[in-house]
Protein chains: 2
Amino acid sequence: MSGTSLDGVDVALVKYDEGMSSYELEDFFTVPFSDELKKKVTDAIDINQSNVALICSLNIELGYFFGEAVKKMIEKHQRLGKKIDFVASHGQTLYHQPISEDNLIASTLQVGESSVIAEVTGVKVVSDFRYRDMAVGGQGAPIVPYSEFILYNDREKQRILQNIGGISNATIIPKNATIQEITAFDTGPGNMIIDELVRHFYQEEYDDNGQYAKQGRVSETVLEHMMSHSFFSRPMPRTTGREDFGQHYVTALLDTYELPANDWITTATKFTAKAIALSLASFFVNDTDLIIGGGGSYNPTLLSMIQEEVPSFVSVKTQEDLGQSSEAKEAVAMVVLGHRTLIGKTSNVPSATGATKEVILGKITW
Amino acid sequence: MSGTSLDGVDVALVKYDEGMSSYELEDFFTVPFSDELKKKVTDAIDINQSNVALICSLNIELGYFFGEAVKKMIEKHQRLGKKIDFVASHGQTLYHQPISEDNLIASTLQVGESSVIAEVTGVKVVSDFRYRDMAVGGQGAPIVPYSEFILYNDREKQRILQNIGGISNATIIPKNATIQEITAFDTGPGNMIIDELVRHFYQEEYDDNGQYAKQGRVSETVLEHMMSHSFFSRPMPRTTGREDFGQHYVTALLDTYELPANDWITTATKFTAKAIALSLASFFVNDTDLIIGGGGSYNPTLLSMIQEEVPSFVSVKTQEDLGQSSEAKEAVAMVVLGHRTLIGKTSNVPSATGATKEVILGKITW
């Protein structure tokens, strides 16, 4: 899995049973992008810097990068006698156009060539999970709810899986749900705004342990401005991305308001928490676990701000509280999707993506 | 098949046997691009006009265009009770970087989303044939030699399959050859320069029946300039494309020399013939059929110029002389490749592409 946070590729080794009842994380690591590769990805997602030659080349270059990362995992475990069945690859999203507008039709673009991954690893690859959902009217996102349904569905409790990566997104799994009852949507920015501010003020990659957010004060003026973002008035299920809350958004804010560095970071963290709470407000019922995953779950200031913003009968937990891995969650989800594709089964969740029907996602490369 | 000539998508219905000995063309038509869609493709292949949003959207839009074209063919024949097993799609090439240079690594980019084709047609799709060959050090081109080997291999004669599309390329099949003895390479421009000149002077799409080329005179000065193109000094097997002989090349010529319109077209046609003859010179042996396919085979002026440039013991023939279809040839080749992929067999030709080994090409979308 290579997400919107652009920090590298997450590699998860997952043990599964053919009956599809259990997917168990055996090993996990992240291989960070080199500065050079990150620059290429950053250029390729930028409408003004990107061009066809760069995208053509980057698709192959990321294929090698992903392939080498996975190969490291495979070789480590083949030495232990384990058999590797397949690789599932999400790819790096370069662009996501959830609905048609102007000259662009609803579309998504992931790169990191599966043919290269298959050749480098010697293992068959399942990839490109989002396109088929869009071909049946879905937004191609979120992509993880099927996996979350398999892994977290509970007979006694509603569970909300709240992922906080570059952006934030939630999956609502009502108590004892069927797949048709799952809802999922993006809940706003994740670490994207916070990271951008920390890079701007401190030349660091993220707010380690929420230290800066802990020290500043919330600017109500700026917070109010942020809460007026058009994202909150879009119809559900809604999606967002770098085009809403990326560098351009942060630059415009910095040009409009003046605050001390930590007040900016505290306000952005509060905004991130409020966006999540507001997006989920109508779904909170008694006996709800709000389970935070993704990089944001390692930011205790953000977690306590989320707890402040939700009703007291909602328990904020982390993946680790449930014995799962927060950082590996999305990579594990790809394995679940890949397995479904290989056995010819559907794995989109129409109630989450807006698709008109369930379809088999992905492509297979031998 | 949607080729470098950017005129639309070719749809071939092919009847095949599981034993892979026969692939028989049953029906064929071309669905032309609308002016609007052609403009988008033209922008997307242009390094200065292209960007990530356009490429993202075009991949899906071409998927619908290809899917609808194929659906027309499928519905026509399903009404006759025929069973359609699979669709093979080449995709529209947006860029091809045969070898690594500057910041770009060896790569290729085809779009026309297979997931959309599969959804629109309801039939499984095999696509993306070029990438895996590049992953084993090949140039990803030419892609048709395996099919040509299957369809044209002859025990008594050497056969050279000379395709003249936007660019021109040849496959050499020695008498009674094995797959390892096949050679293939691009032989230079095809109709690309001629078409560009006809558009420039007459606002028509191509030199119908070679009429303009028949009326002009060859300028030896311009011809000599053209023959000094760096393409001819590249090592074999070599590839070329729009980046060598496209609009930029023609514009530069028109800026440098002044000739009457028909002299330009005659000189370009002569150059196209000479480029083919020169590229093939070392391969001509007694009992060689030079079988011309592609749009260029409908240009009798070009055909007679080719006959002038080759030794007299070489017989210039067309696909039609052999009972095959010139215009359908590349589309038929995709079916052969797709069939190989579905049964898990290799179909690149390392002696043609420079690949280090035979690999299974393509991806399968259910």
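## B:Glu327 and its surroundings

B:Glu327 touches B:Asp10, B:Phe28 and B:Tyr298, leaving aside residues up to four places away in sequence; contact here means heavy atoms within 4.5 Å. This is a predicted model, where local features need pLDDT of at least 70 and side-chain atom pairs count only at pLDDT 80 or more, while totals for chains, interfaces and linings use all residues. Residues are numbered from 1 along each chain as its sequence is written, chains are lettered from A in the order in which they are written, and side-chain values use heavy atoms, with hydrogens and water left out.

You'll find B:Glu327 in the loop between β11 (314-318) and α13 (329-342) of chain B. Helices (H or I, at least four residues) and strands (E, at least two) are DSSP runs, numbered from the N terminus. B:Glu327 counts as partly exposed because its relative accessibility is 44%; the scale is buried under 20% relative accessible area, exposed over 50%, partly exposed in between, with a 1.4 Å probe and protein chains only. From B:Glu327 to B:Lys72 it's 255 residues in sequence and 18 Å in space, C-alpha to C-alpha.

## A:Ser326, in a loop of chain A

Over in chain A, A:Ser326 sits in the loop between β11 (314-318) and α13 (329-342). With 2% relative accessibility, A:Ser326 counts as buried. Not counting residues up to four places away in sequence, A:Ser326 touches A:Ile292, A:Gly293, A:Gly294, A:Ser297, A:Tyr298, A:Gln319 and A:Glu320. For one of these, A:Gly294, the backbone nitrogen lies 2.8 Å from a polar atom of the A:Ser326 side chain.

Side chains of opposite charge can pair when their charged atoms come close. The rule used here wants a side-chain nitrogen of Lys or Arg within 4 Å of a carboxyl oxygen of Asp or Glu, and it gives 42 salt bridges over all chains. One of them joins the side chains of A:Lys363 and A:Asp128 at 2.8 Å, N to O. A:Lys363 lies in strand β12 (residues 363-365) of chain A and A:Asp128 in the loop between β6 (125-127) and α4 (131-135), so this pair ties together parts 235 residues apart in sequence. Both A:Lys363 and A:Asp128 are buried.

A:Lys270 and A:Glu308 make another salt bridge, their closest N and O atoms being 3.0 Å apart. A:Lys270 belongs to helix α11 (residues 261-280) of chain A and A:Glu308 to helix α12 (residues 300-309), so the link spans 38 residues in sequence. A:Lys270 counts as buried at 14% relative accessibility, whereas A:Glu308 is exposed, with a relative accessible area of 55%.

## Bridges across the two chains

A:Lys363 turns up again here, forming a salt bridge with B:Glu113 whose closest N and O atoms are 2.9 Å apart. A:Lys363 is in strand β12 of chain A and B:Glu113 in the loop between β5 and α3 of chain B, so the pair joins two chains. Both A:Lys363 and B:Glu113 are buried.

How many salt bridges does the rule find across the interface of chain B and chain A? There are 6. Another salt bridge brings together the side chains of A:Glu119 and B:Arg132 (2.8 Å, N to O). Between chain B and chain A, 15 residue pairs are in polar contact, both at pLDDT 80 or more. A polar contact is a pair of N or O atoms within 3.5 Å; within protein, one must be able to donate a hydrogen and the other to accept it, and residues adjacent in sequence count only if both atoms are side-chain atoms.

## What chain B brings to the interface

On the side of chain B that touches chain A, the elements giving two or more residues are α1, α2, β4, β5 (107-111), α3 (114-121), α4 (131-135) and β12 (363-365) of chain B. The largest share, 10 residues, comes from α2(B). By class, this side has 26 nonpolar, 12 polar and 8 charged residues. Nonpolar covers Ala, Val, Leu, Ile, Met, Phe, Trp, Tyr, Cys and Pro, charged covers Asp, Glu, Lys and Arg, and the others, Gly among them, are polar.

The contact takes 46 residues from chain B and 46 residues from chain A. About 3,900 Å² is buried between the chains, with carbon and sulfur atoms giving 63%; buried area is the accessible area (1.4 Å probe) that two parts lose on being put together, summed over both. B:Val52, B:Glu119 and B:Trp366 supply 18% of the area that chain B buries against chain A, more than any other three residues.
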